[in-house]
Each structure stands twice: as C-alpha cells, then as structure tokens.
Amino acid sequence: MFTKKTIFQADLANKTVLVRADFNVPINDLGVITDDYRIRKALPTIEHIRSSGAKVVLISHLGRPANNQDAACSLAPIANRLEDLLHAQVSFIDDCIGTEAKQKISEMQPGEVVLLENLRYYPEEEANDMHFAKKLAKGCDIFVQECFGVAHRAHASIVQIPKILPSFAGLLLAKEVDTITEAIHNPRRPLAIIIGGAKISDKIELLNLFIDKADYIAVVGAMANTFLLAEGTSVGSSLVEKDAVHTAKELLEKANKRMKKERFTFYMPQDVVVAKGKANTNQTRVVDIDNHTWADISHYPKKPTNQAYSVAADERILDIGPMTASAIKGALSQAQTAIWNGTAGMTEIQGLHGAAAPFSHGTRVITEGLIGQHAGDKNVPYTIVGGGDTVGYVESVSGLREQLGHVSTGGGASLELLSGQKLPGVEALLDSEQ
C-alpha cells in the first residue's frame with residue numbers, strides 16, 4: 001500500500017501547483033515526438049489538478065543537453081503534444097526560473113497550464129542545488145511529484161522542492177510504486193522472473209532478493225554468459241563480466257541450495273544463437289551447450305560434431321536458442337505474476353530489408369508466454385516490465401505494450417524499487433498519516 005499522500009488528499013482549489021513530470025521522450029531530428037507514452041501517462045494527474053480549480057505549472061527534464069542553447073533538448077514539442085492531448089492551451093516558456101516564467105505564473109488563471117523549459121539547461125538541477133529549487137518553487141503553493149522515471153535521483157526538483165512546498169504524489173507515481181511493491185511483497189503465485197542485461201553487478205541485489213522470493217527465475221541476455229562461464233561453459237568471445245564470475249558462482253550456489261530444498265527453478269540457457277560478429281549479414285548457428293536434443297535433431301540423420309555443442313573462440317552469443325525460448329515460454333504460461341527486466345538477445349540490431357531483428361527471436365517467444373500466443377489464452381500472467389532495453393523493445397512492437405499488465409516509465413527507478421531500495425523522490429513526500 002502506498003504510504004505517501006497523493007493529490008486526492010491535497011486541497012488544490014485556487015492553488016498554483018508545481019508538477020515535476022517526466023517528459024523525457026524520444027524526439028527525432030525534425031522535432032517530432034516518436035513515442036508519447038510518458039506524456040499520456042501524466043494526463044490523469046494534470047487533468048485532476050485542472051478540474052480541481054488549480055493552476056498547473058509543469059517542469060521536466062529532457063535528454064542530456066550540452067548547454068542551455070541545445071535546441072534538440074527543448075521541451076517546446078512537448079507543449080504542442082500536450083495541447084493536442086488535453087484539448088486545451090498549454091503556454092510554453094523558454095526558461096524555468098527567469099523573470100518571464102515567474103511573471104507568467106503570477107498571471108495564470110485556474111485551469112490554465114504552463115510548461116517551463118528543460119530543467120537540465122541548468123547544471124544546478126543535477127547538482128541538487130537548494131537555491132535553484134527555491135527559484136523553481138517561487139510563486140507556487142503545492143508540489144506534485146509525478147516523475148517516477150527519475151525518482152531515484154537526488155536532484156533539486158526531486159528532493160529539494162519537497163523541503164519548500166507541501167508535496168504530494170501524482171497518480172502515475174503512486175501506481176508505479178504500488179504495483180511494483182505489491183509484486184515484491186504480495187505477488188499472485190507462481191511468481192516468474194525474466195532477468196537479463198549486461199552486468200550481474202547492476203542487478204545483484206535484485207537477483208539475491210528473487211532467489212529468495214520467486215518461484216522461477218530465467219537468466220537471459222549477456223548476463224547469462226557470465227553465469228555460463230561460472231559453470232565452466234565456453235562462451236567464446238561473448239560479452240561477459242569477468243570481475244563478476246565469482247559473484248555468479250555464489251548466486252548459483254545459493255539458487256542450487258534452494259532448489260534442493262523446495263520447488264524453485266533457476267534456469268539458464270540450454271542452447272544459444274551465435275555468430276562471428278553482430279552484423280546481421282554474418283552467418284548464425286544454434287549451439288546446444290547443455291548437450292540435450294537440439295543438435296541431434298538439427299543434424300539428423302548424421303551424428304552431431306563436437307562443434308554443435310560448444311561456442312567457438314571467435315563466436316559470440318547473441319540470443320537464446322529455440323529450446324531455451326520454448327522452455328521459458330512454457331514456464332511463463334503457468335505463472336500468475338511475471339517480472340521482466342532484460343531482453344533475451346540483441347534486439348536492437350535490425351534485420352536486412354525490413355526483416356525481423358536477427359537476434360530477437362528469443363525475446364519474441366518470451367512475449368508469447370507473457371501475453372498468450374492465441375486469443376483467449378487463460379494462463380496469462382500479470383506482467384510488470386521494467387528496464388530501458390526491455391521497455392524499448394516493448395515499445396517497438398506494435399500493440400505489445402497494451403497487452404502487458406504494467407510497463408514502467410522508469411528503468412533505473414523500477415530496478416531500485418524491485419531491489420527493495422527506497423526512492424529519494426518518494427521518501428521526500430508527505431506521509432499519508434500526517
């Protein structure tokens with residue numbers, strides 16, 4: 001249960017409300033927003049504040065501007081998109097703390113919306129400068145935190161403004177925290193975890209937590225390479241985290257102990273797709289690293305060579321194999337709750353002439369287990385998706401996002417929350433019992 005006050009507990013009438021939103025969305029070279037998901041997720045909060053008779057002042061960051069003249073990071077396109085979505089005028093001010101911004105705020109009428117320029121045009125934002133926070137808060141009565149994507153950052157607009165103004169959670173922030181913490185502490189079981197990424201060191205807390213709590217864990221992506229190496233499996237020239245091999249061994253030992261005592265599965269790839277390079281023109285092959293049946297089937301009626309069971313020194317693992325993907329899909333079809341953080345292969349590599357990404361097959365099969373392969377499938381888990389590469393993949397597949405239970409707007413924030421850590425941007429808000 002969310003323990004901080006939300007906007008439903010705030011007296012908003014005739015107030016000037018400063019909303020820290022997360023409008024960090026992709027914008028192409030023509031200034032066109034290519035995905036407005038984060039903007040749309042903030043709309044219920046904005047509309048509730050407006051309908052309560054308050055003035056709405058929106059602040060956000062966008063990208064990592066080189067300086068305050070970096071036009072590619074301007075929030076101007078966001079204002080235009082907000083106007084379309086809200087069906088109301090949104091005034092854009094090309095500064096966030098200057099005289100023009102404060103003058104406009106003082107002249108606002110109830111229900112009006114103003115969007116100020118990129119917070120990161122000022123280095124004081126990321127430096128967590130209190131003086132900068134006071135300038136942002138000037139002229140406002142209430143602060144609303146609606147930026148889950150950066151709620152794990154100790155930045156001025158995240159943790160300093162709540163020291164100045166009465167501070168409440170927006171609806172998106174509350175939902176993100178509620179959904180993720182519920183999945184950790186009170187999931188519908190079986191609970192399945194699909195975890196990938198490049199580094200074990202980035203997710204060691206998450207792995208330790210779920211080896212204790214989950215019913216099923218599948219390790220995929222480059223992270224799996226380090227686990228395979230820890231088990232003594234040759235991974236060729238694959239991406240591995242050599243400094244984390246010892247950590248991988250400890251995690252495997254912990255997982256194996258639990259598997260011997262109770263029903264729990266810690267699953268690693270049994271077969272993998274390899275190539276001698278990442279270019280999609282390079283020939284790929286499936287390696288049956290766990291010595292099961294795939295090599296026998298693919299070589300029938302001939303006897304497989306030793307090469308069929310090992311990754312060559314000049315080969316790289318770039319995806320899970322078909323047997324592994326099918327096994328994970330099958331496990332997911334039995335789960336009630338699934339948490340997905342990390343794709344199974346290098347899904348960002350594009351295929352030739354519009355073909356599917358050559359190393360996305362494993363990830364596509366996993367999604368079939370998460371959403372059901374056929375209409376009407378009953379055994380579909382409630383899925384929480386977090387992590388930048390995973391969310392990026394979900395967003396790239398038309399209609400997939402809408403079929404999943406909860407696609408988080410925050411990569412790093414969702415990872416820290418899943419790991420049991422507290423988020424500075426949430427902790428700074430008023431407690432609900434106050």
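Me: How many bridges join strand S2 to S4, and in which sense do the two run?

Reply: Strands of a sheet pair through backbone hydrogen bonds, either parallel or antiparallel. Here three bridges join S2 (residues 55–59) to S4, and the two run parallel. Pairing means that DSSP finds at least two bridges between two strands. Val56 has Val113 of S4 as its bridge partner. Strand S3 (residues 90–93) also pairs with S4 in the parallel sense, over four bridges. There, Phe92 stands opposite Leu115 of S4. Strands (E, at least two residues) and helices (H or I, at least four) are DSSP runs, numbered from the N terminus.

Me: What should I know about the model and its numbering?

Reply: This is a predicted model, in which local features need pLDDT of at least 70 and side-chain atom pairs count only at pLDDT 80 or more, while totals for chains, interfaces and linings use all residues. Residues are numbered from 1 along each chain as its sequence is written, and side-chain values use heavy atoms, leaving out hydrogens and water.

Me: Which way do the residues of S4 point?

Reply: In S4 (residues 113–116), Val113 and Leu115 point one way, and Val114 and Leu116 point the other. All are buried. Buried means under 20% relative accessible area, exposed over 50%, and partly exposed in between (1.4 Å probe, protein chains only).

Me: What is the strand order in the open sheet of six strands?

Reply: The order is S9-S8-S7-S13-S14-S15, with parallel pairing. S9 (265–267) and S15 (406–407) are the edge strands; each has a single partner strand, so one side of each lacks a neighbour in the sheet. Further in, S7 (residues 191–195) and S8 (residues 216–219) run parallel, joined by four bridges. Ala192 stands opposite Tyr216 of S8. Helix H14 (residues 388–396) lies across S13, S14 and S15, at about 105° to S13.

Me: How do H12 and H13 cross?

Reply: Two packed helices are described by the angle between their axes and the distance between the axes. The axes of H12 (residues 322–332) and H13 (residues 361–371) come within 8 Å and cross at roughly 15°. That makes H12 roughly parallel to H13. Angles under 35 degrees count as roughly parallel, over 145 as roughly antiparallel, 65 to 115 as roughly perpendicular and the rest as oblique. Axes are lines fitted to C-alpha atoms, for helices over the stretch in contact, and angles run from 0 to 180 degrees between N-to-C directions. The contact (heavy atoms within 4.5 Å) includes Ala325 and Ile328 of H12 and Val365 and Ile366 of H13.

Me: At what angle do H1 and H7 pack?

Reply: H1 (residues 37–51) and H7 (residues 171–185) pack at about 120°, with axes 8 Å apart. H1 and H7 are therefore oblique to each other. Lys41, Pro44 and Thr45 of H1 meet Leu171, Leu172 and Lys175 of H7.

Me: Is H9 largely enclosed or largely open?

Reply: Nine of the 10 residues of H9 are buried, so H9 is largely enclosed by the rest of the structure. The cover includes S7, H8, S8, H10, S9 and S12. Asn225 sits in H9 (residues 221–230). Asn225 is buried, at a relative accessible area of 3%. Not counting residues up to four places away in sequence, Asn225 touches Val235, Ser238, Leu239, Val240 and Ile317. Just after H9, Gly232 takes a positive phi of about 95°.
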